[in-house]
Amino acid sequence: MRDAATWFGNYGRDHQNPTNRLIHWICVPAITWTVIALVWLIPVPLWLGRPGLWAVLAMFLAFCFYYYRLSRKIGLAMAGAFIVLALFTDMLYRAIGSTGLLWLAIGVFVVAWIGQFVGHKIEGRRPSFLTDIQYLLIGPAWLMSKALGRFGVSY
């Protein structure tokens, strides 16, 4: 596994344009949420748990086996973000039901990915994940590193 500095340096080279960066600040968290929401909707047997179990398990595994190994600070910050996203998703699930959550997540997913590709068209570079699929996990971590940096926390 490459270190965080290498991943973020490579990712950052594909994201130099200020407009593309702004689009990523909006779309990457939106896409992250949609993936969580869609996994939230995978049925859970009643004897095993409640709705959202698979999403919580996926977030836990991403934390343990990817983000925390990449960087402890990034991992802990991503765990915090996952908790917020899980609470938000559960609130929406209770408020609009599974069908409403499904359609909302699909809509946000489509619009956010269109935004991502528009940003890369503006940038003049193809999305990083087309060179390595792991960049789909690096995008949220890269933004988290930028957010932590604003508070003087290095990864």
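**Exercise 1. What should the 18 residues of helix H3 (residues 53–70) span at 1.5 Å a residue, and how far apart are its end C-alpha atoms?**

Ground rules come before the solution. This is a predicted model, in which local features need pLDDT of at least 70, side-chain atom pairs count only at pLDDT 80 or more, and totals for chains, interfaces and linings use all residues. Residues are numbered from 1 along each chain as its sequence is written, and side-chain values use heavy atoms, leaving out hydrogens and water.

Step 1. Take the helix as a DSSP run (H or I, at least four residues), numbered from the N terminus.
Step 2. Multiply 1.5 Å by one less than the number of residues. H3 should span 26 Å.
Step 3. Compare. The end C-alpha atoms are 24 Å apart, which agrees.

**Exercise 2. Find the buried residues of H3 and their packing partners.**

Step 1. Apply the cut-off: buried means under 20% relative accessible area (1.4 Å probe, protein chains only).
Step 2. List them: Ala55, Met59, Ala62, Phe63, Tyr66, Tyr67 and Leu70.
Step 3. Name the partners. These buried residues pack against H1 (4–13), H2 (18–40), H4 (72–123) and H5 (135–150). Contact means heavy atoms within 4.5 Å.

**Exercise 3. Describe the surroundings of Thr89.**

Step 1. Locate Thr89: helix H4.
Step 2. Check burial. Thr89 has a relative accessible area of 0%, so Thr89 is buried.
Step 3. List contacts. Leaving out residues up to four places away in sequence, Thr89 touches Trp33, Ile36, Ala37, Trp40 and Leu101.

How values were computed
Helices (H or I, at least four residues) and strands (E, at least two) are DSSP runs, numbered from the N terminus. Buried means under 20% relative accessible area, exposed over 50%, partly exposed in between (1.4 Å probe, protein chains only).
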